[in-house]
Structure formats: structure tokens, C-alpha cells
Amino acid sequence: MVAVPVPDGLYKPQQALKLWIEGFTMEEIVAIKNPPKQPTAEERMAALTAQLKKQEEQAAAVSGDLQAFMEYIAKRLDQSARV
């Protein structure tokens, strides 16, 4: 049984002899006091829009490559049909 009350401001109080000490490291306390900033809805929307634009550009490039390949195959088939 502890007769000394826990002082305010301790995140993870631990008893050391008859004193209360902080159980977290300074880095852990800083992380608690300064949680990572959550992106705003606008920031998330901008990131998703940029990601979508990049995917559209990649899809257009693949589509162009596929179209060129299909034209090449059609040309080769036409040439082999003539022989």
C-alpha cells in the first residue's frame, strides 16, 4: 500500500522507494504531447487527385504501347497473308 499520492503530470507513474517517478522516456512523452499531424480533407483530396492523374498518365502510355503493338501485329499478319 502506497501512502504517497501520485502527483499530476506523470504519464506512466512508477514508484521508486517512497517517490513517484515517470516511467516513460522523454522521447515517449514528446511523442504523446506532439502526435503526428493528420492530413486535412483538402490535403488528402489533393494527394488522391495527384495519384489518380499519375495513374491516368500511366494508363495512357500503356494504351499507346498496346495500340502500337496491335498495329505491328496486324501489319505482320497482313504481310504473312500476302506471301
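## Salt bridges

Glu 43 and Lys 37 join their side chains in a salt bridge, 3.4 Å from N to O. The term means a side-chain nitrogen of Lys or Arg within 4 Å of a carboxyl oxygen of Asp or Glu. This is a predicted model, in which local features need pLDDT of at least 70, side-chain atom pairs count only at pLDDT 80 or more, and totals for chains, interfaces and linings use all residues. Residues are numbered from 1 along each chain as its sequence is written, and side-chain values use heavy atoms, with hydrogens and water left out.

Lys 37 is exposed, at 66% relative accessible area. Glu 43 is partly exposed, at 38%. The classes are buried (under 20% relative accessible area), exposed (over 50%) and partly exposed (in between), with a 1.4 Å probe and protein chains only.

A search of the whole structure gives two salt bridges. Asp 78 and Arg 82 form one of them, with their closest N and O atoms 2.9 Å apart. Both residues sit in helix H2, four residues apart, or about one turn of the helix. Asp 78 is partly exposed, with a relative accessible area of 38%. Arg 82 is exposed, with 67%. Side chains of opposite charge can pair when their charged atoms come close.

## Nonpolar surface patch

Helix H2 covers residues 41-82 and includes Leu 77. Helices here are DSSP runs (H or I, at least four residues), strands are runs of E (at least two), and both are numbered from the N terminus.

Leu 77 belongs to a nonpolar surface patch with Leu 66, Phe 69, Met 70, Tyr 72 and Ile 73. Together they have about 610 Å² of accessible area, calculated by the Shrake-Rupley method with a 1.4 Å probe, only the protein chains shown counting as cover for residues. Patch residues have over 30% relative accessible area and no salt bridge; like charges are joined within 9 Å, and nonpolar side chains (Val, Leu, Ile, Met, Phe, Trp, Tyr) within 5 Å. Leu 77 itself is exposed, at 55% relative accessibility.

## The hairpin

Strand E1 (residues 13-16) pairs with strand E2 (residues 19-22) in the antiparallel sense, over four bridges. Pairing requires at least two DSSP bridges between the strands. Gln 15 has Trp 20 in E2 as its bridge partner.

Two residues lie between the strands of this hairpin. Leu 17 is in that loop. Its phi is positive, about 60 degrees, although Leu 17 is not a glycine. Most residues other than glycine have a negative phi. Leu 17 is also exposed, with 80% relative accessible area.
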